[in-house]
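The sequence and the structure are shown first.

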Amino acid sequence: MLVRPSEHDIRDVYKLLIGAVVPRPIGFISTTSRDGIRNLAPYSFFNAVCQNPPVVLFSSGIRAAAPGNPNERRKDSLRNVQETGEFVVNIVSEDFAEAMNAASGDYPFDVDEFEVSGLTPVRSELVTPCRVKEARVSMECKLMQTVMISDRPGGACLVIGEVVLLHVDDDIVDNYRIDPGKLRAIGRMGGNTYTRTSDRFDLARPKV
C-alpha cells in the first residue's frame, strides 16, 4: 500500500497517521481564559522536546468553526494560551482515564471541563490555570511560542512552553526517577483505543 496524502481524503490519511505513530503520550492541558473560565482537554499530539530549559509542546487542531461561534476556529486550549501565555500539563494515569475522556468533548467555550469530568482543580503556584489534583505529575508552563503549521480545517498549531514548576507525587519518585509502575500513565493508539504502560523492557544504550 502506497499512500500519497495529496491524493487521498485527509481523514483517511489521519487514520493511518494516528495508527502508525503509537503509543502517543497524553498531555492533559489545563488553561484559563482571560475572563477566568477554566478549560481542561487531552492532547495526544504531545511530547517533551528540550532538556535545558525543560520544554514541552502540544499540537492543537484547527477546526471548521467552534461550537456556537462560527468565526472562532481555534480550540479553547489554544485560544486561552495565546491570550494568557500560560498552561499546565497533567499526566494521565489509568485510574482517571474515564474522567479524562469525559473532558475530551467539543464543549462550548464557557463550559468548565473540571466540572464535566468531576476532576479536582488545585491552585497552581506560578501560573493562573489550575492543575489536576488527581494527576501524579503536573507541569506549570509559560508560553514560549506558537507555530501555526496549517490554518486550514484539520490543520494545527504547535504550542511550545517552558516548564517553570513540576509537581511530582512523592510516592512515585526516588532520586528524581519516576517509577512507571506507580505512575501508571496511559497512551493513545488509533481510533478509540488506549494503552497501558505496564508491559515494559529495558535496553541499555551502547557505550561508544
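How many bridges join strand β6 to strand β9? Five bridges join β6 (residues 86-91) to β9 (residues 137-150), and the two strands run antiparallel. The model is predicted, so local features need pLDDT of at least 70 and side-chain atom pairs count only at pLDDT 80 or more, while totals for chains, interfaces and linings use all residues. Residues are numbered from 1 along each chain as its sequence is written, and side-chain values use heavy atoms, with hydrogens and water left out.

**Sheet and helix**

- Helices (H or I, at least four residues) and strands (E, at least two) are DSSP runs, numbered from the N terminus; two strands pair if DSSP finds at least two bridges between them.
- Seven strands form an open sheet in the order β3-β2-β6-β9-β10-β5-β4, with antiparallel pairing. Its edge strands are β3 and β4 (46-50), each of which pairs on one side only. From one strand to the next, the twist averages 35 degrees (axes are lines fitted to C-alpha atoms, for helices over the stretch in contact, and angles run from 0 to 180 degrees between N-to-C directions).
- Asparagine 90 stands opposite serine 138 in β9.
- Helix α2 (residues 76-84) packs on the sheet and touches β2, β3, β5 (55-61), β6, β9 and β10 (156-168), where contact means heavy atoms within 4.5 Å. The direction of α2 makes about 50 degrees with that of β2.
- Strands β2 (residues 27-32) and β3 (residues 38-43) run antiparallel and are joined by six bridges; glycine 27 has tyrosine 43 in β3 as its bridge partner. Five residues lie between the strands of this hairpin, and glycine 36 takes a positive phi near 90 degrees.

**Nonpolar cores**

- A nonpolar core is a set of buried Ala, Val, Leu, Ile, Met, Phe, Trp, Tyr and Cys residues joined through side-chain atoms within 4.5 Å. Buried means under 20% relative accessible area, exposed over 50%, and partly exposed in between (1.4 Å probe, protein chains only).
- The largest core has 21 residues, and those with the most contacts inside it are Val56, Phe58, Phe87, Val89, Ile91, Met139 and Cys141. At least two residues of this core come from each of β3, β5, α2, β6, β9 and β10.
- A second, separate core of 14 residues includes Leu40, Met100, Phe114 and Leu119.

**Salt bridges**

- The count comes to twelve salt bridges, each a side-chain nitrogen of Lys or Arg within 4 Å of a carboxyl oxygen of Asp or Glu.
- Glutamate 83 forms a salt bridge with arginine 34, with the closest N and O atoms 3.5 Å apart. This pair links distant parts of the chain, since glutamate 83 is in helix α2 and arginine 34 is in the loop between β2 and β3, 49 residues apart.
- Arginine 79 also forms a salt bridge with glutamate 83, at 3.8 Å between the closest N and O atoms. Salt bridges that share partners join Arg34, Arg79 and Glu83 into one network.
- Arginine 34 is exposed, at 63% relative accessible area, glutamate 83 is partly exposed at 27%, and arginine 79 is buried at 18%.

**Cysteines**

- The model has zero disulfides, a disulfide being a pair of cysteine sulfur atoms within 2.5 Å.
- Cysteine 130 is buried, with a relative accessible area of 16%.
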